[in-house]
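Subject: Structure for your files

Hello,

Here is the structure we spoke about. My notes on it follow below.

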Amino acid sequence: MNINMEKTKAYYTTQADACLCDCEVCQLYQNRVRTQFPNIAQWLEEHGIDSTKPYEAIWFEEESGNIFYPEVQYIVFGSCEEDFSCRVDDAELTVAKSTPKLPGITDPYFVLCVNCLDIMPDKPIPPKAKK
């Protein structure tokens, strides 16, 4: 993995907010990632990635009421091997097989995926709050 730390940090400072989802389930992840998954948050932040600003969070609600995030995606500037894999606690970090075209960005980037995170909300999330 070859991360352009300067461009990655700049993206999370100046552009990532525009991509944040404001639904309750995504806000749950954004608010809890640093406290519930401190080692994952630390790994991301050591690599210039703001753990509270995912590009995409794929999720579903389990019967238990937990919110399961099979994949949370982050934009990273630089390059990475297609077969990159790293374990942090119970999560596996991988590289997405396809990369979205981000408007106005011409520098090389890839999508880092954090796989298999589970969060129990403080209260049930109403259906209309889930986008």
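The buried residues of helix 3 are covered by parts that include helix 2, strand 3, strand 4, strand 5 and strand 6. Contact here means heavy atoms within 4.5 Å, buried means under 20% relative accessible area with a 1.4 Å probe and protein chains only, and helices (H or I, at least four residues) and strands (E, at least two) are DSSP runs numbered from the N terminus. The buried residues in question are Ile40, Ala41, Trp43 and Leu44. Seen down the helix axis, they fall within an arc of 160°, so they line one face of helix 3; the arc is that of the directions from the axis to the C-beta atoms. After helix 3 comes Gly48, with a positive phi near 85°.

On provenance: this is a predicted model, in which local features need pLDDT of at least 70 and side-chain atom pairs count only at pLDDT 80 or more, while totals for chains, interfaces and linings use all residues. Residues are numbered from 1 along each chain as its sequence is written, and side-chain values use heavy atoms, with hydrogens and water left out.

The protein chain has 3 helices and 6 strands, in the order β-α-α-α-β-β-β-β-β from the N terminus. Of the 131 residues, 47% are buried.

The largest nonpolar core has 41 residues, among which Tyr69 and Leu112 touch the most other members. Strand 6 gives the largest share of this core, 8 residues. Such a core is a set of buried Ala, Val, Leu, Ile, Met, Phe, Trp, Tyr and Cys residues joined through side-chain atoms within 4.5 Å.

Strand 5 has 4 of its 5 residues buried, so it is largely enclosed by the rest of the structure. It pairs in the antiparallel sense with strand 4 over 4 bridges, and strand 5 and strand 6 also pair in the antiparallel sense over 4 bridges; pairing requires that DSSP finds at least two bridges between two strands. Glu92 in strand 5 stands opposite Arg87 and opposite Asn115 in strand 6. In the hairpin of strand 4 and strand 5, with 2 residues between the strands, Asp89 has a positive phi near 55°.

Regards

How values were computed. Buried < 20%, exposed > 50% of the residue type's maximum accessible area, 1.4 Å probe, protein only.
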